[in-house]
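Trainee: I would like to learn how to read a helix, an interface and a ligand shell. Can we work through one model together?

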Amino acid sequence: MTAIEEINLTVNGERSTHRVPVRMNLVDFLRNELGLTGSHVGCEHGVCGACTVEVNGACVRGCLMLAVQADGLEVTTIEGLTASGRAGALQAAFHRRNSLQCGFCTPGMLASALEYCERGGAADRAAIREHIAGNYCRCTGYQSIVDAIYEVIAAEEAQ
Amino acid sequence: MKAAEFDYAKPRTVDEALAILASHEGEVRPIAGGQSLMPMMNFRLAQPDMLMDLNALEELQGIRDEGGFIIIGAMTRYRELECSELIAAHIPLICAALPHIAHAAIRNRGTIGGSIALADPAAEMPALMLALEATITVVSSRGVRRILADEFFLGLYETALADDEIITEIHVPRSKAPAHFAFCELARRHGDYAIVGIAITAQEIMPMRGLRVALFSVSDRPVRAVAIEQALENTSVGDAGAMKLAVQAIGSMAFQDDLNATDKTKLHLVGVLLKRALTELCT
Ligand SMILES: Cc1cc2nc3c(=O)[nH]c(=O)nc-3n(C[C@H](O)[C@H](O)[C@H](O)COP(=O)(O)OP(=O)(O)OC[C@H]3O[C@@H](n4cnc5c(N)ncnc54)[C@H](O)[C@@H]3O)c2cc1C
Ligand code: FES
Ligand code: FES
């Protein structure tokens, strides 16, 4: 018999209540139950970073957390980061720099990059690379992604 | 893949958790950060009957300075260690190791207790516990045990922890977390598990006294390199004779192959890291 629990959580600013199978992970819940398909599913074991979302303001792997564990918490996906404009500068820079091709890694990459910027990360290419080492991109070769993140931080510092 | 079916419990107190562990039939697995257990469950390497979530246990949280010890709750996340002033002031060795553990998103959730309970031979925290002479407190409905790190790690993913016990906190003696420390590891990519790694603490450095040398990713568990400690005790960095003895001491240790490297490669790399670490220790 499938164990089911009721959860109350806030996703992208909206509170709601759901009944979820306890074995369902957070990213499957966001995609399949809420239709928020911006978060992607790659490896399902924490390695690729495609499922990265924010929980209570910190990036986590959506595949390594259960939906039931998000009870009472606040989840922000790429849809929320876009709507609030928090990721706006990075998104514009990714666009300008051609920092995505297929776009599969992009939502997770943006969430990780945003955490780096918002934690006061330096305009330092090596440090940026280290921070996004947990997000795999099979298309771009990373160079343009690092360029975009660097550009956003450098522009902020110049102000 | 997805995890197999399981029941889920989220106790609010340690007593409640221990009652679940004592009474539930079938395998009850505590889940802390889930950063190792969730992959294991998704691969179906772990199929517990019940998952017991430790995330609501306030008793397992927080870092405090008490009675000559820095006491770290088992549910303290790597990120909290990174941000802790107490850790920065008293156990800088932990700060030196943290950037090497996985990635930011994993450090936001992974816990010190989870890493110690898992006892991955390539993990940083278990080796640090050896270098820092830490004590691990575990509880069950049968009572409390305090286990020295030296006696805690028994083999590949094997520890002194019994099935009905959970780790509650870690005591690091302040006197054993001195300003003299070094941490080095070699990994293929940033955030990967180490090919080999070393953590050293010393009470004094000119000459070196009270050394503790811990190696990881060399065997089925983190190991204290007592032979290296003895070879270097009371010598100075740069003492070629002592270094030769230390390298010989490494040669006498039994290393094990893994997917990353053969025992011979590891032997060589530990020698390289030891030199780097001793330089770092004394600068
Ligand atoms: C991509 C990736 C890269 C990683 N790289 C590294 C790395 O370089 N170095 C490294 O050290 N780790 C690495 N990890 C693992 C990470 O550090 C884990 O967080 C850690 O090993 C386990 O901590 P956790 O809190 O997530 O524990 P969980 O995954 O929740 O639990 C791990 C085990 O410990 C048990 N357990 C947890 N807490 C307790 C407790 N209080 N009492 C009793 N038993 C308990 C669980 O039952 C389980 O068996 C990586 C993980 C990923 C996904
Ligand atoms: S799908 Fe979560 S890290 Fe790859
Ligand atoms: S743009 Fe295709 S994986 Fe990154």
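This is a predicted model: local features need pLDDT of at least 70, side-chain atom pairs count only at pLDDT 80 or more; totals for chains, interfaces and linings use all residues.

Trainee: Which residues of α3(A) are buried?

Mentor: Leu90(A), Gln91(A), Ala93(A) and Phe94(A) are the buried ones.

Trainee: Why do the buried residues of α3(A) line one face of the helix?

Mentor: The general idea first. An α-helix makes a turn every 3.6 residues, so positions three or four apart point the same way. Now the case here. Viewed down the axis of α3(A), the buried residues fall within an arc of 165°, so they line one face.

Trainee: Which exposed residues does the face turned away from the buried side carry?

Mentor: Gly88(A), His95(A) and Arg96(A).

Trainee: And what covers the buried residues of α3(A)?

Mentor: The cover includes α4 and α6 (143-158) of chain A. Check the end of the helix too. Asn98(A) follows α3(A), and its phi is positive, near 60°.

Trainee: How do I read the core? Which residues have the most contacts inside the largest nonpolar core?

Mentor: Look for buried nonpolar residues that are joined to one another. Here the largest such core has 139 residues. Those with the most contacts inside it are Leu90(A), Ile149(A), Leu93(B), Leu128(B), Ile198(B), Ala199(B) and Ile200(B). The largest share of this core comes from α4(A), with 7 residues.

Trainee: Leu90(A) was on the buried list of α3(A). Which residues does Ile149(A) touch?

Mentor: Leaving out residues up to four places away in sequence, Ile149(A) touches Leu90(A), Ala113(A), Tyr116(A) and Ile128(A).

Trainee: Next, domains. What does the domain assignment of chain A give?

Mentor: It gives domain 1 (4-81) and domain 2 (86-158). Their centres, taken over C-alpha atoms, are 22 Å apart. Then read the contact from each side. Domain 1 of chain A puts in 13 residues, and domain 2 of chain A puts in 14 residues.

Trainee: Which elements each supply at least two residues of the domain 1 side?

Mentor: β3 (52-55) and α2 (78-84) of chain A. β3(A) gives the most, with 3 residues. By class, this side has 7 nonpolar, 5 polar and 1 charged residues.

Trainee: Now the chains. How many residues does the contact take from chain A and from chain B?

Mentor: Chain A gives 24 residues and chain B gives 25 residues. On the chain A side, the elements with two or more residues are β4 (58-61), α4 (106-118) and α5 (125-131). β4(A) provides the largest share, 4 residues. By class, the chain A side has 9 nonpolar, 9 polar and 6 charged residues.

Trainee: Last, the ligand. Where does ligand 1 lie?

Mentor: Ask which chains and domains line it. Ligand 1 lies between chains A and B. Within chain B, domain 1 (7-50) and domain 2 (60-176) both give residues to the shell, so the ligand lies between these domains.

Trainee: How many residues surround ligand 1, and which are the closest?

Mentor: There are 33. The closest are Gly46(A), Gly33(B), Gly110(B), Gly114(B) and Ala123(B).

Trainee: Which element gives the most to that shell?

Mentor: α7(B), with 5 residues. The elements of chain B that each supply at least two residues include β2 (28-31), α2 (37-42), α7 (112-118), α8 (124-131) and β10 (166-173). By class, the shell has 19 nonpolar, 11 polar and 3 charged residues.

Methods. Residues are numbered from 1 along each chain as its sequence is written. Chains are lettered from A and ligands numbered from 1 in the order in which they are written. Two residues are in contact if their C-beta atoms, placed from the backbone, lie within 7 Å. Ala, Val, Leu, Ile, Met, Phe, Trp, Tyr, Cys and Pro count as nonpolar, Asp, Glu, Lys and Arg as charged, and the others, Gly among them, as polar. A residue is near a molecule or strand if its C-beta atom, placed from the backbone, lies within 6 Å of it. Domain bounds come from an automatic or database domain assignment. A residue is buried if 20 or more other C-beta atoms lie within 10 Å of its own, exposed if 12 or fewer, and partly exposed in between; C-beta atoms are placed from the backbone. The arc is that of the directions from the helix axis to the C-beta atoms. A nonpolar core is a set of buried Ala, Val, Leu, Ile, Met, Phe, Trp, Tyr and Cys residues joined through C-beta atoms within 7 Å.
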